[in-house]
Amino acid sequence: MSYQDFFHSLTPYNFVASKDDDDDDDDEENKDKEKEKEPGYFDKFTPEIMTIVDANQDKKIDFNEYIFFITLLQLPEGEVMRIIEKVNPEERKINKAQFAKYLTKLRKCTALGLKQMSKSFMPDGRKISTDEDHISKTILLHLFNDKEYITIEDFCELKSKLKHALLHYEFYQFDVDEDETISAESFAKSLLSCLNYTQASKYSRRIHSLKLEGRVSFKEYVAFHNLIEKADIIKMKISTYRFLSLGMFRDLCDDFAKLDPYCNQNKVSISDTQIATFFKVLDEDENGALEYDEVVDILEGKKNIGLGKEDKFKREMTEKIDRYIKKFQKYVGWT
Ligand SMILES: [Ca+2]
Ligand SMILES: [Ca+2]
C-alpha cells in the first residue's frame with residue numbers, strides 16, 4: 001500500500017472527495033480515478049511520523065507497518081499511562097519486555113485487535129497465536145526503536161505526531177492556496193467527515209446553499225479539531241443554557257485556546273471565520289442560536305477521528321479496516 005492509500009484509508013473523507021464536483025454520489029472507483037489525477041501529497045510532504053511507521057523506508061506500508069500504525073492510533077492513552085505508572089511509578093517509563101507483557105491485553109482494547117482475535121476473522125487457533133506474536137514483536141520494534149525505555153511522554157508524543165500527520169493530510173485534500181489556507185466552505189465540509197451518509201448529504205446541501213466567507217489556516221484547523229475532540233465542554237455548555245449564542249460560543253473558543261497546549265505553543269486561536277462557519281452550518285433553523293439537536297451529530301462524529309473510543313466510530317473503523325485487511329490478505333497471500 002502506498003503512503004497515499006494508507007492515509008486515505010485512515011481519513012474518513014468520504015463525502016467531499018472531489019474538489020470541484022458538486023455531486024456527492026461518487027463511488028469508490030471514481031474517487032480512485034480522481035485521486036490519481038491530483039498531484040501527490042507525498043511528493044510535497046514527508047510526514048516525520050513515516051520515518052517511524054515505514055520502518056524499512058521503502059515508501060510502502062506493508063501489512064505489519066499498517067498494523068503498527070492502527071494499533072498505535074487506537075491504543076487507549078489512559079490505559080497505557082496506567083500501565084506505565086504501575087510498572088515504574090517513579091520514573092514513569094517502561095522497557096520492551098515489560099511492555100510486551102501488556103501488549104496483547106492492550107491490543108484487545110482496540111477495534112483492530114478485537115477483530116483480529118475474533119474467531120470469525122481467523123478461525124485457526126494456532127495461526128492466531130503465531131500472528132499475535134509476530135505482530136507484537138513488530139509493534140515493539142517500532143515503538144521502542146533502539147531505545148531501552150519509553151516514557152509516557154514518548155508515547156503521547158508519538159501518538160500526537162500521528163494524529164497531527166493525519167490532520168495535515170486531511171487539510172491538504174482540500175484546495176490549499178498559496179497562503180496555505182483553505183476556504184470556509186472546505187472547512188465546513190471537513191466537519192462532515194465522520195457523519196453517516198444521510199447526515200453528511202443533508203449538511204453538504206446546506207453548505208452549498210450558504211454564503212460562507214473567509215479562509216482557514218492549518219494551525220486554525222488543528223486548533224478547531226482539538227476543540228471538537230473535547231466536544232463534551234460544548235455539549236455541557238449547551239445543556240446548561242439550552243442553547244449557545246454566537247457570543248457564548250466565541251467565549252468558549254477563547255477559553256479553550258487559552259488552555260490548549262497546541263494553541264499556546266503555536267500562538268493560534270479559533271478564528272472568527274471558523275466560529276461563523278460552524279455556526280452558520282449548524283444553525284439549521286436559523287434562529288441565531290445553536291440548540292442541542294443541532295450540534296450533537298457533528299460533535300459526536302468528528303471528535304473520534306483516529307480514536308477507537310465510541311461505538312459508532314468503532315463500527316465504521318472496523319468496517320474500513322476489514323476491507324483493507326481483506327485486500328491485504330489477498331495481496332500478500334495471507335489467506
Ligand atoms: Ca515499508
Ligand atoms: Ca438554531
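Trainee: Leaving aside neighbours within four places in sequence, which residues is valine 295 in contact with?

Mentor: Start from a predicted model, since that is what this is. Valine 295 is in contact with Ile234, Ile238, Leu282 and Leu290.

Trainee: How many residues has the largest nonpolar core, and which have the most contacts inside it?

Mentor: That core has 32 residues. Val281 and Val295 have the most contacts inside it. The elements giving two or more residues to the core are α11, α12, α13, α14, α15, α17 and α18. Helix α13, residues 218–229, gives the largest share, five residues.

Trainee: Where is the other core?

Mentor: Another core, of 30 residues, lies apart from the largest one. Among its members are Tyr3, Leu75, Ala165 and Leu166.

Trainee: Now a single helix. How do I read α12, and how many residues has it?

Mentor: Check its length, then its faces. Helix α12 covers residues 197–209, which is 13 residues. From first C-alpha to last it reaches 18 Å, close to the 18 Å expected at 1.5 Å a residue.

Trainee: Which residues of α12 are buried?

Mentor: The general idea comes first. An α-helix has 3.6 residues a turn, so residues three or four places apart point the same way. Here the buried residues are Ala200, Tyr203, Ser204 and Ile207. Seen down the axis of α12, these buried residues fall within an arc of 110°, so they line one face of the helix.

Trainee: What do the buried residues of α12 pack against, and which residues are exposed on the other side?

Mentor: The buried residues pack against α11 (184–190) and α17 (272–282). On the other side of α12, Thr198, Arg205 and Ser209 are exposed.

Trainee: Take α17 next. Which of its residues are buried?

Mentor: Gln274, Thr277, Phe278, Val281 and Leu282 are buried in α17. They cover an arc of only 110° around the axis, which puts them on the same side of α17. Two of these names came up earlier. Val281 is one of the residues with the most contacts inside the largest core, and Leu282 is in contact with valine 295.

Trainee: How many C-beta neighbours does isoleucine 233 have inside 10 Å?

Mentor: Isoleucine 233 is found in α14. It has 13 C-beta neighbours inside 10 Å, so it counts as partly exposed. Its C-alpha is separated by 8.5 Å from that of leucine 252, 19 residues away along the chain.

Trainee: Backbone angles next. Which phi does asparagine 145 have, and where is its place?

Mentor: Look at the residue type, the angle and the setting together. Asparagine 145 has a positive phi of about 50° although it is not a glycine. Its place is in the loop between α9 (125–144) and β2 (149–151). Asparagine 145 is exposed, with 12 other C-beta atoms within 10 Å.

Trainee: And what of lysine 267?

Mentor: Lysine 267 also has a positive phi of about 50°, and it is not a glycine. It lies in the loop between α16 (261–266) and α17. Lysine 267 is exposed, with 8 other C-beta atoms within 10 Å.

Trainee: Zoom out. How many helices and strands has the chain?

Mentor: The chain has 19 helices and six strands. Buried residues make up 30% of its 335 residues. Of the contacts with a separation of 6 or more, 75% are between residues 24 or more positions apart.

Trainee: Which residues does UniProt list for "domain: EF-hand"?

Mentor: The unreviewed UniProt entry lists residues 48–76 and 270–305. Over residues 48–76 the chain is 55% helix and 0% strand. The end C-alpha atoms of that stretch are 22 Å apart.

Trainee: Where is confidence lowest and where highest?

Mentor: Where pLDDT is low, the predicted coordinates should not be read in detail. The chain averages a pLDDT of 79, and 74% of the residues score at least 70. Confidence is lowest in helix α2 (residues 28–37), at a mean of 50. It is highest in strand β4 (residues 215–217), at 97.

Trainee: Which stretches have a pLDDT under 50?

Mentor: Residues 119–127 are one of them, with five contacts in the model beyond four places in sequence. Over residues 306–311 the pLDDT is also below 50, and this stretch has 14 contacts in the model beyond near neighbours in sequence.

Note on methods:
Residues are numbered from 1 along each chain as its sequence is written. Chains are lettered from A and ligands numbered from 1 in the order in which they are written. This is a predicted model: local features need pLDDT of at least 70, side-chain atom pairs count only at pLDDT 80 or more; totals for chains, interfaces and linings use all residues. Helices (H or I, at least four residues) and strands (E, at least two) are DSSP runs, numbered from the N terminus. The expected span of a helix is 1.5 Å times one less than its number of residues. A residue is buried if 20 or more other C-beta atoms lie within 10 Å of its own, exposed if 12 or fewer, and partly exposed in between; C-beta atoms are placed from the backbone. The arc is that of the directions from the helix axis to the C-beta atoms. Two residues are in contact if their C-beta atoms, placed from the backbone, lie within 7 Å. A nonpolar core is a set of buried Ala, Val, Leu, Ile, Met, Phe, Trp, Tyr and Cys residues joined through C-beta atoms within 7 Å. UniProt positions are given in the numbering used here, feature names are shortened, and annotations may be inferred rather than shown by experiment. pLDDT is the predictor's confidence in each residue, from 0 to 100.
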